[in-house]
Amino acid sequence: MRGVQDGLAPDLARRHRTIFISDVHLGTPGCKAELLADFLAHTDCRTLYLVGDIVDFWAIQRRGVYWSTDQNTVVQKILKRARHDAKVIFVPGNHDEAFRDYCGVLLAGVELLSEATHRTADGREFLVIHGDAFDGIVTYARWLALLGDRAYAAALWLNDAVNIARQRLGLSYWSLSSFLKHRVKNAASFIGDFERAVARAAHLRGVDGVVCGHIHKAEIKTIDGIVYCNDGDWVESCTALIEDARGRLEIVEWTSFAHERNRTAQKAARKALIPAPRQPVAA
């Protein structure tokens, strides 16, 4: 088992046994739909798990619908997989809890479940849940609520502004909101408590591990014998959890892939503009 994956060629489509994504928050400006569409275009899998908060109905109800072409592309790519070459399982989260009323139903080829059990290629059994149920166990306020929903939205806006500037300077993506989250003492304490609570629940269920989302912090670690996996999010870190043909689990951080591909394309474009050296004319 390895951690964050950084060695794949970003211009090649890779096939994985399983992909887990969560916390996409479609319907909001903070959703990094362009990067997710790019990720889906460059990866393939046998099973795709949507581990909650794929659509952000909370934000839509408060601020209205924000829906871009890239967000529509993400939905179309997911539905295409469900129709053709992959099993797609959707475990709704708290932001798209309206779908929980339809758990047990096959909707446009997507299977809706309140929770799922996944068996890896090497025989381990993983509980797949969104994780919002554990907010009440570890604390009555998420780290997001430390500043409030409006402050979090402002942080995401500032995050985008910072990265527009970084892109113009030729720098890679950097998550300001993740940086702040990891530096806030109460947030770090909440994350640790959340991870232990989820791992404890998995232990009580008699499984080998757990896959969840909710707290926007990608992680693979072993807690009291339980393999805890969080697939991250697509508003800050742009990460996914993948399983290969041998059952090994890794976290893919797609922002670094996209940056490397853009840099390679820019180099190729500059090279194409350089005129070839003239050959000497024979006497």
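**Entry 1: Glu 115 and Arg 205**

I started with the side chains of Glu 115 and Arg 205, which meet in a salt bridge at 2.3 Å, N to O. This is a predicted model, so I log the distance as computed from it. I then looked up where the two partners sit. Glu 115 is in the loop between β6 (110-112) and β7, while Arg 205 belongs to helix α7 (residues 185-205). They are 90 residues apart, and the pair links distant parts of the chain.

How accessible is Glu 115? I got 31% relative accessibility, so I put Glu 115 down as partly exposed. Arg 205 comes out at 46%, so Arg 205 also goes down as partly exposed. A search of the whole structure gave me 10 salt bridges.

**Entry 2: the sheet with β7**

Next I followed the chain into β7. What is the strand order of this sheet? I read β7-β8-β9-β11-β10, an open sheet of 5 strands with mixed pairing. The edge strands are β7 (116-119) and β10 (219-223), and each of them pairs on one side only. From one strand to the next the twist averages 25°.

I zoomed in on β7 and its neighbour. β7 pairs with β8 (residues 125-128) in the antiparallel sense, and I find 4 bridges between them. Which residue of β8 is the bridge partner of His 118? I found Phe 126 there.

**Entry 3: Glu 125 and Arg 119**

I stayed with these residue numbers and checked charges. The side chains of Glu 125 and Arg 119 meet in a salt bridge, 3.6 Å from N to O. Buried or partly exposed, I asked of Glu 125? Its relative accessibility is 24%, and the buried class stops under 20%, so Glu 125 counts as partly exposed. For Arg 119 I noted a relative accessible area of 47%, so that residue is partly exposed as well.

**Entry 4: Arg 124 in the loop**

Where does Arg 124 lie? I place Arg 124 in the loop between β7 and β8. I looked for its partners and came up with two contacts to write down.

- Asp 122 forms a salt bridge with Arg 124, with the closest N and O atoms 3.2 Å apart. The two side chains are also listed as making a polar contact, at 3.2 Å.

**Entry 5: from Gly 247 to Thr 18**

Gly 247 turned up again when I looked at Thr 18. The C-alpha atoms of Thr 18 and Gly 247 are separated by 9.0 Å, although the two residues are 229 apart along the chain. Thr 18 has its place in strand β2 (residues 14-21). Buried or exposed? At 1% relative accessibility, Thr 18 counts as buried.

**Entry 6: a nonpolar patch**

Which residues make the nonpolar patch of about 280 Å²? I wrote down Tyr 102, Val 105 and Leu 107. Leu 107 is found in strand β5 (residues 106-107).

Terms used
Residues are numbered from 1 along each chain as its sequence is written. This is a predicted model: local features need pLDDT of at least 70, side-chain atom pairs count only at pLDDT 80 or more; totals for chains, interfaces and linings use all residues. Side-chain values use heavy atoms; hydrogens and water are left out. Two strands pair if DSSP finds at least two bridges between them. Helices (H or I, at least four residues) and strands (E, at least two) are DSSP runs, numbered from the N terminus. Axes are lines fitted to C-alpha atoms, for helices over the stretch in contact, and angles run from 0 to 180 degrees between N-to-C directions. A polar contact is a pair of N or O atoms within 3.5 Å; within protein, one must be able to donate a hydrogen and the other to accept it, and residues adjacent in sequence count only if both atoms are side-chain atoms. Patches are made of residues with over 30% relative accessible area and no salt bridge: like charges are joined within 9 Å, nonpolar side chains (Val, Leu, Ile, Met, Phe, Trp, Tyr) within 5 Å. Accessible areas come from the Shrake-Rupley method with a 1.4 Å probe; for residues, only the protein chains shown count as cover. A salt bridge is a side-chain nitrogen of Lys or Arg within 4 Å of a carboxyl oxygen of Asp or Glu. Buried means under 20% relative accessible area, exposed over 50%, partly exposed in between (1.4 Å probe, protein chains only).
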